[in-house]
Structure formats: C-alpha cells, structure tokens
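Subject: Structure handover

Hello,

Here is the structure we talked about. Please open it alongside this note.

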Protein chains: 2
Amino acid sequence: MTYKEIEINQDIVLRPRLLTGDRPTGKLHLGHYVGSLLNRVALQKIYDTYIIIADVQALTDHFDHPLHIVANVIEVAKDYLSVGIDPHFSTIFIQSQIPEIHELATYYLNLVSLARLERNPTLKAEIQDKGYDRSLPMGFLCYPIHQAADITIFQASCVPVGEDQIPMIEQANEIVRRFNRTYNTQCLKICQAHLSSTSRLVGIDGVAKASKSLGNAIFLSDTPDIIKEKVFQMYTDPLHVRVTDPGRVEGNVVFSYLDAFCQDSQKEELEAWKAHYRKGGLGDTFLKTALNDILQERFAPIREKRNALRDGEVWEIIKEGTKRARHVAQCTMEEVRKAMGLRYF
Amino acid sequence: MTYKEIEINQDIVLRPRLLTGDRPTGKLHLGHYVGSLLNRVALQKIYDTYIIIADVQALTDHFDHPLHIVANVIEVAKDYLSVGIDPHFSTIFIQSQIPEIHELATYYLNLVSLARLERNPTLKAEIQDKGYDRSLPMGFLCYPIHQAADITIFQASCVPVGEDQIPMIEQANEIVRRFNRTYNTQCLKICQAHLSSTSRLVGIDGVAKASKSLGNAIFLSDTPDIIKEKVFQMYTDPLHVRVTDPGRVEGNVVFSYLDAFCQDSQKEELEAWKAHYRKGGLGDTFLKTALNDILQERFAPIREKRNALRDGEVWEIIKEGTKRARHVAQCTMEEVRKAMGLRYF
C-alpha cells in the first residue's frame, strides 16, 4: 500500500493522530524497545502515527557535532523499521526538513515568559543534569517551546510520554490555549499525554537507566557476541559471592531484564528462579545464560530484518514520510498565519 | 527597469549589500525621515539595499495586536516610496514571508547563552523601558538572535544603526564568528555598523525623541492642518513668557526642528533668529510660523507622492521585493545547511 492509497482510504486517514520520536544521538537500545518502540508498534494501528527524528532538538545540546547527529538519522530509522514500525501506518520524518516547525516556534516564543520556562520541572532537572549554569544555550532553554511546535503543527491529539515528560505536554497545551485565545481561533489542538505503563529499563551497570550516553545499554543492532558479552557484564548482587549464598532479586539487573523480556509462558519458571535465588543455590551464570538465550532468540529476527534493509530503501521511506509530514505542517501553518492575519499577497 | 534587468546588470548586483528596516507599528514620522530615511535614499545608490518590514519582530511585543502590525505594513512601504526609496535600487520585503529567517534563527539559538543575551546593554535597557520583569516573553528576549538572522541571511555587509544599536551588531558578528568556527565554513559574513551622523529628532513635547508610541511625532502622511497644529503645540521655553523676554534656544523644540529642516540657504537667517531669540524680542509665533512654512514646503511633494500611490502598485512592489529577498535567503540557508551537514536527500 502506498501513501496515495492511504490518503484515499478515509478509515485510516481519520484515525486520531499521535506524535512521538527520538533524538538521533545514537542507535536505539533495549530501553527504547520496552519503553517506547513496542508501544508504538501497537499504537500505529489505532493512531495515525507521526514519528519525528528530532535532529534539530538533538543539536540544542550537540550543536558542535552535527555530523554525529546526521549520521544517526538513518540508524534510528532502521531501528524503527526492524522492530515493526510500518511505514504504511507510521510517517517517519526528519525534523530539520520541516522548516514550518521553526516558523511556528518563533510565534510561540512570544507566548511564553522566561519565568514560565524556568519553572518547567523537566527542563530544570535537565539543565541541572547537564551542568549548564550561566552557559545555558538559548536553544536548550527554548526546546520545550520548539517541542510544542512539533506536537501542534501535526495536530497530534496523543503523545506517548514517560511520567517525567508530563510538564512538556502541559507547556504545549498552555501555548495552544493562549494562542487560540489570543488569535480567536480553534486552529490548534490540545494533546493528551499517553502514559507508558512500562517502567524504565535499567542499564547493565545497574547504576542508572539504560542510556546511549552512559554506554550501559544493549543496542538493537548489537551482534550476538556483543549481546552475550553485555549480559555477562551485568551487575547482579555483590553479596551473592558463592552460588549457595542467598541473593537479592530487587535491584539485580539480570532479573530486571528477565522481567522485561520473558515471554508469558516463561513467567512461572521465572518466579521459581527468583525464589531459588533468594534462598541460595542458583548461580549468576545460570541466570545470565538463560537471559542471553532469551535475548538472542528475541532479537535475532529484528537484527536480521535490520541487516537486510538497504540504505536506499530506508532513505526512500524517510523521504516519503518527510514529504507527507511537511504537507501536514504546511496546512497547519497556513491556518496559523490566517488566524494571526499574516497573509499579505 | 525591472528586477530581471537588474539581475543581468552585474554592476548593480555586485554592490555591497545593506540591510535596514522598520517595525511596522505605525506610520513613519519626521524622526525616521532625518534619522534614517534620508540616509537610505542616499545609500541605495551605493549599496544593494534590502529593507525589511519587520512584522515578526514587531509581534515580539505586540503579539496580541497582529492586525495593527499587518495594517501598517503597506503604510510603512508607502512612506518609503514617498521619500524616494526606489524599488529599482532597494528591495522592500516583509519579514514574516521569509520563513528561512526563522530556520536560521533556530540554529543561532544554540550559539548564544542566556547569560550573554542578558548582558546585551541595548536589550537590557529595552527590557527595563518596557517594564518586563518576570513576564519577559521569550520572543522579546530572543529578538537580538532573530535580528542576527535577518542581517546575516541577506549577507549584509553594512547595517545603518544609531549608536545605541551597536551591541546588536556585535551580537550578530559574535554569532557569525561562532557559526563559521563551529561548522568550519565562511558562509556567513561579518557586518559593519554604519553610524548615522544625525542626532535623534526630539518629540513635539520636548520630553523624549519623536516616537509613534508616545504620540509626539509629526508623520510623513500628516495633512497640512495637522502639521500646523503640531508645530503650534511645540514646547519652546517656559520662561519665555513675553516676546521681550530672553529665550533659550537649547532644548527648544522649535529650534531643534529648524536645525533639522532648514535648507543650507536658510542657515544664516536661522543663526540670526537664534541670536535674536536669546536676546529677547522674537516671538514663538513668528518662529512657529516660519517652521510651519518650511515643513509644509518640504513635505507637500512627499505627501502628494504618497497620496498618488495606489495600493495595488505598492503591494506589487512589496511582493516582488519579498520574492527577491526570499531567493537570497534560500541561497544562504542552503549554504548554512550544507555547512552543518543537514542535507539528507
């Protein structure tokens, strides 16, 4: 089915719209898989899904490494396609190629005060994490406003987020209400946060959530050897020295991954392993071998699908998606300009 | 001569480029005339002149009155044409119709810190003047960055400014240097401030400079009656009660205007009036009548030219200028994207 056919098929086009996406700062990993990708694969049948590869947002704190960002765009797209994101249902596009987003964000800048931005708890935490102080770049400070433009230019009614991102949705909706009130229009839509039920996957070091930048993640594109190596590096319970020692299940990375990746049919066996481990007598090597088997089986077809993708075909999908997304963005911007009276010729 | 002919005529196209413009918050007045318009008329023969009608910038502190801004675009353009700005030499265009400016400004946001912006003395003074405190809109805070995009997207090497605007040029050049260094390019050009030699024209109330917002200005489009009325309202010397009293020339609005608008041939007579006024015996009415005559004579042909302009013809000039300006902006943005590596397809 091509995009043209989708446009004719009203049933599909009239699905409510969902916006989601990633900053192309690296390949995607198992944390993304359980935290968002699986969810997107399910939601794309219900929602008219728009997936933004947010290179412009990535540049707000990687502005001096644009080539790294640019190079990861196709990697992220390949990750999407390999896990089952289907371009017939999901529009994958590149943020920088939709200049209308910047235009809309420029008008939004007038509707948000510095004080309001500085109160945004998500942004506050991120600024602290990144150690920005007086050096805070304006692009980073303004990114919640640009994100509001991303969401609203596509008229998305649903945005899947983690709990920590709720202030971003509130910020976007505040802008929508203020814009619609100021310009006496209904052209912008309020969106709903779609909270993910999955808790975040911990990194193999057990210290923090799995993250590209911390180097503690298993990537969707990792080879079988690398997966095995990372599984066997996983943090377990430092007090579980001998096999016969009682071990802790909570905070044990191997069990976190087993919880996340065991099939339902294996859950009963997993509970038995947990009891055995707590009591003592079950070795880390046994568990790591079991986890490795599960991950190898789960991710082999994804990796194979990923390896089979030709660059040209992936670029074609991104190009088509970007064209489609731009059309939507242009229509919204036309409405926005009309509402503001900014049409001269 | 049409634009096409200009493009063929290399002599004209290769002139260095100048960027200037106004926020369309109202019609232009005699302060603009002596402070910038006369200068532009002279410079357009030397520089490839681009004149931006900055509606987007005007919205940063008038976002809730867009129709007022939009309505003044043609008024400002008529003022330009009536004083002798010639569309064969000057490209008059509307900022909001060049979305590439917003795109460029978005990338510039990454190159300027909040602390740096807050140190900008011009911006600091304006924020104080406008009484923004915690309510400071991000659009207003970011306007020096957007102004840097205005200047640089047109590769302007010359920007006529008042002394108080020099920090804006410094800010723009700082961004250019940082961009060129970060992305290892020479695609952006440093610009020079072209300082106006004329001091600012005071308002008819003598309190502050002539300004649209203070309602103390004589507009280029004012009728003869209104000009006369405003001249006779002018603040002179409160201690010059009787004609025979000695009067002050300094700080006397009528003399400020006589200084600004007397022809060279009248300068000797003006000096005699000043001496007479200082000594006592020269009435305000005499001086105001003389000033009125001078202004009526000077601005009658400008007003007549203005009244003869048809809206359709003015819109056509703006449309052509905007098309031409957009082409330049698109070429620069293409270079910018190339330098950043943001070209995918």
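Below is what came out of it, starting with the interface between the chains.

Keep in mind that this is a predicted model.

**The interface**

On the chain A side, look at A:M138, A:Y344 and A:F345. These supply 19% of the area that chain A buries against chain B, more than any other three residues.

How many salt bridges cross the interface of chain A and chain B? The rule finds 0.

**Helix 6 against helix 6**

Helix 6 of chain A covers residues 100-109. Its axis comes within 8 Å of the axis of helix 6 of chain B, and the two cross at roughly 75°. Helix 6 of chain A is therefore roughly perpendicular to helix 6 of chain B. From chain A, the residues in this contact are A:H102, A:E103, A:T106 and A:Y107. They meet B:H102, B:E103, B:T106 and B:Y107.

**Helix 6 against helix 10, within chain B**

Helix 6 of chain B (residues 100-108) also packs against helix 10 of chain B (residues 143-153). The axes come within 8 Å and cross at roughly 120°. An angle of 65 to 115 degrees would count as roughly perpendicular, and one over 145 as roughly antiparallel. These two helices are therefore oblique to each other. The crossing of helix 6 of chain B with helix 10 of chain B is right-handed.

Helix 6 of chain B contributes B:E100, B:I101, B:L104, B:A105 and B:Y108. Facing them in helix 10 of chain B are B:I145, B:H146, B:A148, B:A149, B:D150, B:T152 and B:I153. This contact has 8 nonpolar, 2 polar and 2 charged residues.

**Salt bridges**

Over all chains, the count comes to 40 salt bridges. One to look at is A:R306 with A:D79, where the closest N and O atoms are 2.7 Å apart. A:R306 lies in helix 15 of chain A (residues 284-308) and A:D79 in helix 5 of chain A (residues 66-83), so this pair ties together parts 227 residues apart in sequence.

Best wishes

Methods
Residues are numbered from 1 along each chain as its sequence is written. Chains are lettered from A and ligands numbered from 1 in the order in which they are written. This is a predicted model: local features need pLDDT of at least 70, side-chain atom pairs count only at pLDDT 80 or more; totals for chains, interfaces and linings use all residues. Side-chain values use heavy atoms; hydrogens and water are left out. Axes are lines fitted to C-alpha atoms, for helices over the stretch in contact, and angles run from 0 to 180 degrees between N-to-C directions. Helices (H or I, at least four residues) and strands (E, at least two) are DSSP runs, numbered from the N terminus. Angles under 35 degrees count as roughly parallel, over 145 as roughly antiparallel, 65 to 115 as roughly perpendicular and the rest as oblique. A crossing is left-handed if the near helix is turned anticlockwise from the far one by less than a right angle, and right-handed if clockwise. Contact means heavy atoms within 4.5 Å. Ala, Val, Leu, Ile, Met, Phe, Trp, Tyr, Cys and Pro count as nonpolar, Asp, Glu, Lys and Arg as charged, and the others, Gly among them, as polar. Buried area is the accessible area (1.4 Å probe) that two parts lose on being put together, summed over both. A salt bridge is a side-chain nitrogen of Lys or Arg within 4 Å of a carboxyl oxygen of Asp or Glu.
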